[in-house]
Amino acid sequence: MIAVSGRRHLVWAPALGPPDRLLTSLALALSAVGLLLVWSATRMSGDHALLVRQAVAVGGGLVLMWLVSRVDLRVLRAYVPLAYALALVSLALVLSPLGVRVNGAHSWIVLAPGVQFQPSEFAKVALALAFAVPLGELRDGQRRPGFGGVLLALVLAAAPIGLIALQPDLGTMLVFSAMVAGALLVSGAPKRWLLALVAGAAAAGAAAWQLGLVRPYQLERLLVLVRPGADPGGIGYNAAQARIAIGSGGLSGKGLFNGEQTAGHFVPEQHTDFIFTVAGEELGFAGAALIVLAVFALLWRGLSIARQAGSPYGTVLAGGLVSWIGFQMFMNVGMTVGLMPIVGVPLPFVSYGGSATVAGLVAVGLLQAVHRSKPMQA
């Protein structure tokens, strides 16, 4: 609360700087393209409910993006413990009778018939806010986080990653790990911590293997990556059909709404995890490349915001968010072209999915908050 003209007003942030208009424009453009591709992928079913839900998610996400972008980082910092606690509670509820299993992972909570959300998507936001505290709030005289700060950040990350491992959701675990690695890197933490993180991830993978936590379908996906032509009518079906759809688009594509593979629903989950196949077939290499370039441009703006942030906390927060979006884009596009295993992660801002869409746009709002909260130049 501050006094203005003799009256007291609640303000979002003092001395807000101007927003990064390019960042906002890129998020809007990607969301609009996503709506078109979701429409194309679902229109032959005659059920427009998915398109309407995605449009509602985009609209709600844009409102939250605008609201979050107007909050000063000092205000956000005050609510970090609450956001982190809510994230852990929601991830735990997924494992209760409230949770449901979708595509092999127990990752969703049903609120009402036809209404469900994926807590792990919002946990990404909470985790980015949380581990930026020990890594970005340095004591007097410190130039980079010390042992205690790095250890606390890893502990904060371990709790949600552990809960996600119980679902199990390998793709989200990898995204969380990438967020932690990116935050450590931009914080200036000693490189040995990154090496320790990699070693810890390898040890955790080995332990999961020994304890039988790795599901058979996950092993099959790894087999398809190593042997791309393995069982194209069975375990290799998704990967094979994705490559066929993308390759059939050629350079310029068959035209929006004219994709034969898309209309025939040959690629499973083509409106969600495999939305990039719709872009490849209907927009061609040129259109798909433009989508990737737009995401890269958004990441470039995010890295610029991290570099120019007015506080170490803002730098680490932006670094974690950029790592999230960048790694998830790499995983999604990579699995559709056969460079990465199929792990079930959406293409940021483009894939169908209310939770992922809203969380991604909130992440853009946080990047704007970091940008606008930096000290104004005289």
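Analyst: The largest cavity has a volume of about 110 Å³. A cavity here is a set of points, on a 1 Å grid over the protein atoms alone, where a 1.4 Å probe fits but cannot get out, and lining residues have an atom within 4 Å of a point. Grid points are joined across faces, edges and corners, and the volume is the space filled by probe spheres set on the points. Of the 13 lining residues, those closest to the centre are Gln328, Pro348, Phe349, Ala356 and Gly360. By this rule there are two cavities of 30 Å³ or more.

The model is predicted: local features need pLDDT of at least 70, side-chain atom pairs count only at pLDDT 80 or more, and totals for chains, interfaces and linings use all residues. Residues are numbered from 1 along each chain as its sequence is written, and side-chain values use heavy atoms, with hydrogens and water left out.

Helix 14 (312-336) and helix 15 each give at least two residues to the lining of the largest cavity. Helices (H or I, at least four residues) and strands (E, at least two) are DSSP runs numbered from the N terminus. By class, the lining has eight nonpolar, four polar and one charged residues. In that count Ala, Val, Leu, Ile, Met, Phe, Trp, Tyr, Cys and Pro are nonpolar, Asp, Glu, Lys and Arg are charged, and the others, Gly among them, are polar.

Helix 15 spans residues 354-373 and also contains Ala369. Ala369 is buried, because its relative accessibility is 1%; buried means under 20% relative accessible area, exposed over 50%, and partly exposed in between (1.4 Å probe, protein chains only). Beyond its neighbours within four places in sequence, Ala369 is in contact with Val68, Ser69, Val71, Leu73 and Leu76, where contact means heavy atoms within 4.5 Å. The C-alpha atoms of Ala369 and Val71 are 6.2 Å apart, although 298 residues separate the two along the chain.

Across the chain, 72% of contacts between residues at least 6 apart in sequence join residues at least 24 apart. The chain has 15 helices and five strands, and 48% of its 378 residues are buried.

The structure also holds four salt bridges, each a side-chain nitrogen of Lys or Arg within 4 Å of a carboxyl oxygen of Asp or Glu. One of them joins the side chains of Asp20 and Arg301 at 2.6 Å, N to O. Asp20 lies in the loop between strand 2 (7-9) and helix 1 (21-42), and Arg301 in helix 13 (residues 284-308), so this pair ties together parts 281 residues apart in sequence. Asp20 is buried, at 6% relative accessible area, and Arg301 is buried at 14% relative accessibility.

Another salt bridge pairs Glu281 with Lys254, with the closest N and O atoms 3.2 Å apart. Glu281 is in helix 12 (residues 275-282) and Lys254 in the loop between helix 10 (237-248) and helix 11 (260-263), so the pair ties together parts 27 residues apart in sequence. Glu281 is buried at 0% relative accessibility, whereas Lys254 is partly exposed at 30%.

Lys124 and Glu121 form a salt bridge too, their closest N and O atoms being 3.1 Å apart. These two are three residues apart in helix 5 (residues 119-136), and so are separated by about one helical turn.

Conventions. 1 Å grid on protein atoms, 1.4 Å probe; cavity = no way out; pocket = protein on both sides within 12 Å on 5 of 7 lines; lining within 4 Å.
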